[in-house]
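Please look through the sequence and the structure shown here before reading on. The briefing below is meant to be read beside them.

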Amino acid sequence: MGAIGSLLLLTGSIGAGGTLIHDPVLGGGPLSVLRYGHGHDVAVTVLYVGFALLVWAWVRLGRGVIAELVSARGVLWATAAWLAPILLAPPLFTRDVYSYLGQGLLALNGLDPYGVGPAVLTGPIPENVHPTWQTTPAPYGPLFIGVAKGVILLAGHDVIASVIVMRLVLLGGLVLLICALPGLVEHLGGRLPVALWLVAASPMTVVHLVGGPHNDMLMIGLLATGTLAVLRGRTVLGLALVSAAMAVKATAGLALPFLVWMWAAQLEGPLLRRFVHALVPALGVFAVVFGSCTALAKVGFGWLSALSAPGMIVNYLSAPTAVGQAAHTLLSLFGERNIWPIVGTTRTLGSMLLVALLAWHWWQARDGGTEAVRRAAIVLCCGALLSPVVLPWYLTWGLALGSAFAWTPRALSYVVGASIALVLAYYPDGEQAMYNWPFVAVGIGAAVLGGISLVRFDPLGLSGPIRDFTRDLREERLISR
């Protein structure tokens, strides 16, 4: 069922996904009918039917995992079957990959991707970058800029080939994550089939991280592998890997302070001395790794100022932004108001809250070990929810580590509901759907149904009427014979 769903996602994405403005292969062929008018409507329908089948297959697989009827190998086979068609699909529910390629092209042409946007270039890659990001500097670390340069070198200016190569390169992050999960589960007390089901077979991974694709996939793979290395006592390697994850996307830096406590816990002596003896070499490892990535990518440190670039997006998935939007709506009842000062204030308060949570959880993790990993996962989740901008795939940050802990079925059902709702927060072409209220209502309904279906068979009570209908149909056929 999931493989059929993925094939339908592939078919529908040809017309409804993040397609090219000028497609050299499909633009004038028979499949081009899927990109216009009623053909496009058919493509959208096919894509959503595929997504529904994929989600239903994931929920059914989850039931088997919870009941201990499906092994880790079974989950991996399902994941492979669901991912295979997506590897060839146009970008799904986003156009970010074109921005990645544009930033790599900027660096390859000797321009600073942290100073200018892809709009300064011409050609098939820049023209497909979403208008929002045409003039926006890259908010990613130097390692990812180097990866993007390498993809352009391999695939040239062929946009379709570049998307596929980028997807395959970022898929390495998922491979790292899958390889790290057995060790993480062993240390953190979870179950491997559950962990794989949560982060490998999830529609969030299939549709967003791989279908996108998104560089978060590479970041969480390095993060999980580095955390496991520290748990096993290979602290220098672990810190180097997590530093590399931060060189992909700055979010991974939220976990680094917790790894210092984990290193300190492996030393002897008073707490302060152990902390200092861990902190100094940890800073050295970070400086070497990050400096090497910066030098190899031949970029500067402008990405620090560019981290605020996504802040131009305003949506209520971010808790601070949602509070600001609500406050703006209320204040507008008494006169016209500019939304930016209000949202800016609530975002600042959200950032302050995140810093406070980080500090508190960090101090509570001073004994190191698995407790430090648990609190790092919590902080990564808080970092996603309290960021000025929250995009659906940010949910995977905390799950990369949190999936290896023990989960109750009810908690898993919440993840199912959130995953469905977050995927449906955007349209297949990458535009946000969060203000299409009838569509949002359908998405919330699907999310609730999906979450309940994980822990309750046939929550709508349809099995009885369907069984009676099929029985009556069989009886009518026997009578007619």
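The model is predicted. Its largest nonpolar core has 132 residues, and the structure holds zero disulfides.

**Nonpolar cores**

- Within the largest nonpolar core of 132 residues, those with the most contacts inside it are W82, F144, M166, L174, L177, L184 and W197.
- Helix 7, residues 159-188, supplies the largest share of this core, with 12 residues.
- L177 is in contact with V199, I220, G221, A224 and A400, once its neighbours within four places in sequence are left aside.
- A second, separate core has six residues, including A107, A138, I145 and V299.

**Cysteines**

- How many disulfides does the structure hold? The count is zero.
- For C382, the closest cysteine sulfur is in C381, at 7.0 Å. A disulfide needs the two sulfur atoms within 2.5 Å, so the distance of 7.0 Å is too far for a bond.
- C382 has a relative accessibility of 17% and therefore counts as buried, because the cut-off for buried is under 20%.
- C293 also counts as buried, because its relative accessibility is 13%.

**Helix pairs**

- Two packed helices are described by the angle between their axes and by the distance between the axes.
- Helix 2 (residues 37-66) and helix 20 (residues 437-455) have axes that come within 9 Å and cross at roughly 25 degrees. Angles under 35 degrees count as roughly parallel, so helix 2 is roughly parallel to helix 20.
- The crossing of helix 2 and helix 20 is right-handed.
- On the helix 2 side, the contact is made by Y48, W56, V59, G62, R63 and I66. On the helix 20 side, it is made by F439, G450, S453 and L454.
- Helix 15 (residues 319-331) packs against helix 16 at an angle of about 145 degrees, and their axes are 8 Å apart.
- The crossing of helix 15 and helix 16 is right-handed.
- From helix 15, the residues P320, T321, V323, G324, Q325, A327, H328 and L331 meet I339, I342, V343, T346, R347 and G350 of helix 16.

**A covered helix**

- Is helix 12 (residues 256-265) mostly covered or mostly uncovered? Helix 12 is mostly covered, with eight of its 10 residues buried.
- The buried residues in helix 12 are L256, F258, L259, V260, W261, M262, W263 and A264.
- What covers these buried residues includes helix 10 (216-231), helix 11 (235-248), helix 13 (271-297), helix 16 (339-364) and helix 17 (369-386).

**Two single residues**

- S413 has its place in helix 19, which covers residues 409-423.
- S413 counts as buried because its relative accessible area is 8%.
- Not counting residues up to four places away in sequence, S413 touches G451, L454 and V455.
- H38 lies in helix 2.
- Is H38 buried or exposed? H38 is exposed, because its relative accessible area is 69% and the cut-off for exposed is over 50%.
- H38 and I378 are 340 residues apart in sequence, and their C-alpha atoms are 45 Å apart in space.

Methods:
Residues are numbered from 1 along each chain as its sequence is written. This is a predicted model: local features need pLDDT of at least 70, side-chain atom pairs count only at pLDDT 80 or more; totals for chains, interfaces and linings use all residues. Side-chain values use heavy atoms; hydrogens and water are left out. A nonpolar core is a set of buried Ala, Val, Leu, Ile, Met, Phe, Trp, Tyr and Cys residues joined through side-chain atoms within 4.5 Å. Buried means under 20% relative accessible area, exposed over 50%, partly exposed in between (1.4 Å probe, protein chains only). Helices (H or I, at least four residues) and strands (E, at least two) are DSSP runs, numbered from the N terminus. Contact means heavy atoms within 4.5 Å. Axes are lines fitted to C-alpha atoms, for helices over the stretch in contact, and angles run from 0 to 180 degrees between N-to-C directions. Angles under 35 degrees count as roughly parallel, over 145 as roughly antiparallel, 65 to 115 as roughly perpendicular and the rest as oblique. A crossing is left-handed if the near helix is turned anticlockwise from the far one by less than a right angle, and right-handed if clockwise.
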